[in-house]
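Let's explore a protein model together, one question at a time. Have a look at the sequence and the structure first.

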Amino acid sequence: MARVKVRTGKRLRPEKEDNQFDVIVVGSGMGGLANAALLSLLGYKVAVLEQHYTAGGFTHAYHRNGYEWDVGVHYIGEVHKPSTLRRVFDVISESRLKWAEMEPEYDRIILGEEEYGFVAGRDNFANMLKQRFPGEEKAIDDYIELIREISRKTPKFFAGQAMPPWLARVYNLVRPMLVPKEFFQSTREVLEGMTNNQQLISVLTGQWGDYGQAPADAAFLMHALIAKHYLAGGAYPVGGSSDIARSIIPTIQKSGGEVFTYADVEEILVKGNKAYGVRLTGGHELYADRIVSNAGFYNTTQRLLPNDVKQKLGVEKWNEQVQLSSSHFGIYAGFKGTAEELGINTTNLWIYPDGKHEENLQRFHDDPEQDFPIVYISFPSAKDPDWNNRYPGKSTVEIVTMAKHEWFEQWKDETWGQRGEEYEAIKEKFSQRLLEVLFKRMPQLRDALDYYELSTPLSTDWFQKASKGEIYGLDHFVDRFKKPFLHPVTPVKNLYMTGADVMTAGVGGALMAGLMTTCAMQGRKANEVLKLLKEYQEPVSAAVPEGA
């Protein structure tokens with residue numbers, strides 16, 4: 001069995017480390033790692049500060065009771081073939097990060113008794129829909145062409161994020177004339193303008209859990225990016241999701257930087273409206289010419305900025321204009337037996353009571369005893385070709401559904417693992433309900449179950465420093481993309497933001513935010529960043545160094 005190493009990053013011992021850097025990045029999620037790696041390739045010494053015991057944000061993995069699970073990287077599109085996304089990953093990992101393509105059927109949408117297999121390839125997707133929905137051929141062709149057009153025009157839509165804020169404001173005034181009107185409409189609004197077939201709409205929106213917002217609320221932009229993202233299929237990191245951070249960290253170290261864990265930032269230091277460092281919990285201070293927050297918009301404006309800066313900027317008014325995304329329950333289960341022995345494959349399952357997504361979600365939010373509005377089931381061990389080298393004779397399953405932070409408010413100030421019997425009893429009740437959804441679908445797994453645990457919104461708060469258990473940062477209402485304060489360049493000089501909140505949810509959105517923030521930081525030298533992508537060539541040897 002191969003040596004299992006899931007944790008990444010270096011534990012910060014302030015007395016033994018430098019306290020002066022070119023750039024400090026707060027938070028080691030995908031946006032922060034991408035930003036730090038690109039800056040390092042440009043010669044900057046970057047310190048990435050992660051409050052958790054391991055780096056990666058929602059791309060990290062954890063090990064418990066002889067198993068390993070990812071916490072957010074269930075599948076990624078467009079990286080198993082030439083694409084902008086793949087190129088950025090190759091540049092920041094110097095090709096150490098490898099991808100395994102999933103089986104052709106990447107998602108199966110289950111609406112009550114009806115099932116729809118999403119198979120990789122635009123024609124496969126279109127043909128399946130046309131067979132199941134005769135008479136809707138034009139709507140289906142128009143839909144596929146529209147999501148492709150949205151994807152093509154997305155760089156134009158987000159171009160302002162790489163500009164100085166004043167120029168971005170001007171650009172965004174003319175933006176509606178440069179991109180299709182659907183960029184400024186909700187998902188349901190657009191789809192109901194294309195077809196009256198509600199079952200077809202329910203199938204097309206069957207991946208709404210990938211951004212956590214029902215079709216009536218979510219911007220069509222967010223839906224289209226996800227749908228197009230997976231049209232060519234899905235992929236998974238070889239070696240598990242922790243390999244994302246593990247493969248990028250050596251790039252950050254090349255210019256003298258480091259990714260530090262156990263480095264909880266208490267406050268960004270600001271003097272004369274200029275950021276110059278951070279104060280860690282415990283009082284130690286680190287300094288840099290520029291500070292980047294990858295901690296999310298709410299954490300940045302509510303927790304990290306000094307009170308006088310908050311008042312001067314009027315951040316309360318900003319926060320009133322956006323809202324946090326949904327929270328969730330997550331089952332992490334381990335089974336005795338290989339994927340082959342257990343009849344597991346790589347296809348994700350999206351299980352719904354029926355196609356009434358908004359009604360089912362509202363009913364569950366009002367009464368958690370009602371049917372789950374959505375259950376997503378992923379089989380990470382089957383997706384990773386290196387899994388059997390690390391965990392022979394074992395398999396893992398992850399089950400996700402929506403939850404509300406308010407259901408657990410009474411325990412929000414309690415320590416993880418010490419919240420008492422009532423909390424554990426509620427967790428066990430939801431655990432059994434979610435496991436039954438799995439066993440109904442795959443009864444052969446019932447007797448093979450070896451271990452399981454359930455995360456709640458409070459788990460997300462505890463490990464990810466979330467505010468209300470949110471997993472996708474800010475919600476993706478249409479108006480969110482019009483807010484000038486969701487820009488990489490903040491009104492505080494030398495303070496920047498990156499991550500999903502300045503672009504879109506998901507690993508791909510956060511990755512591209514890292515790129516956009518780096519361009520914004522470089523200003524007139526932004527072409528140097530794009531040059532890294534354009535001129536990149538894979539090294540002769542792309543092995544990950546030991547101990548990274």
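Q: At what angle do helix α1 and helix α2 pack?

A: This is a predicted model, in which local features need pLDDT of at least 70, side-chain atom pairs count only at pLDDT 80 or more, and totals for chains, interfaces and linings use all residues. Residues are numbered from 1 along each chain as its sequence is written, and side-chain values use heavy atoms, with hydrogens and water left out. Helices (H or I, at least four residues) and strands (E, at least two) are DSSP runs, numbered from the N terminus, and axes are lines fitted to C-alpha atoms, for helices over the stretch in contact, with angles from 0 to 180 degrees between N-to-C directions. The axes of α1 (residues 30–41) and α2 (residues 84–93) are 9 Å apart, and the packing angle is about 60°.

Q: What word describes how α1 and α2 are oriented to each other?

A: Angles under 35 degrees count as roughly parallel, over 145 as roughly antiparallel, 65 to 115 as roughly perpendicular and the rest as oblique. The angle here is about 60°. The two helices α1 and α2 are therefore oblique.

Q: Which residues of α2 does α1 meet?

A: Contact means heavy atoms within 4.5 Å. On the α1 side, the residues are M30, A34, A37, L38 and L41. By class, this contact has eight nonpolar, no polar and no charged residues (Ala, Val, Leu, Ile, Met, Phe, Trp, Tyr, Cys and Pro count as nonpolar, Asp, Glu, Lys and Arg as charged, and the others, Gly among them, as polar). The partners in α2 are F89, V91 and I92.

Q: How many of the 10 residues of α2 are buried?

A: Buried means under 20% relative accessible area, exposed over 50%, and partly exposed in between (1.4 Å probe, protein chains only). Among the buried residues of α2 are F89, V91 and I92. Helix α2 is largely enclosed by the rest of the structure, because the buried residues number seven.

Q: Which strands stand at the edges of the seven-strand sheet?

A: Two strands pair if DSSP finds at least two bridges between them. The order in this open sheet is β9-β8-β16-β17-β18-β15-β19, with mixed pairing, and the twist averages 15° from one strand to the next. Each edge strand has a single partner, so one side of each lacks a neighbour in the sheet; these strands are β9 (114–119) and β19 (449–455).

Q: How many bridges does β15 form with β18?

A: Strand β15 is largely enclosed by the rest of the structure, because nine of its 10 residues are buried. With β19, β15 pairs in the antiparallel sense over six bridges, and G330 stands opposite S455. With β18, F329 has T401 as its bridge partner. The pairing of β15 and β18 is also antiparallel, and the number of bridges is 10.

Q: What angle does helix α18 make with β15?

A: Helix α18 (residues 457–464) packs on the sheet. There α18 touches β15 (327–336), β18 and β19. The directions of α18 and β15 make an angle of about 90°.
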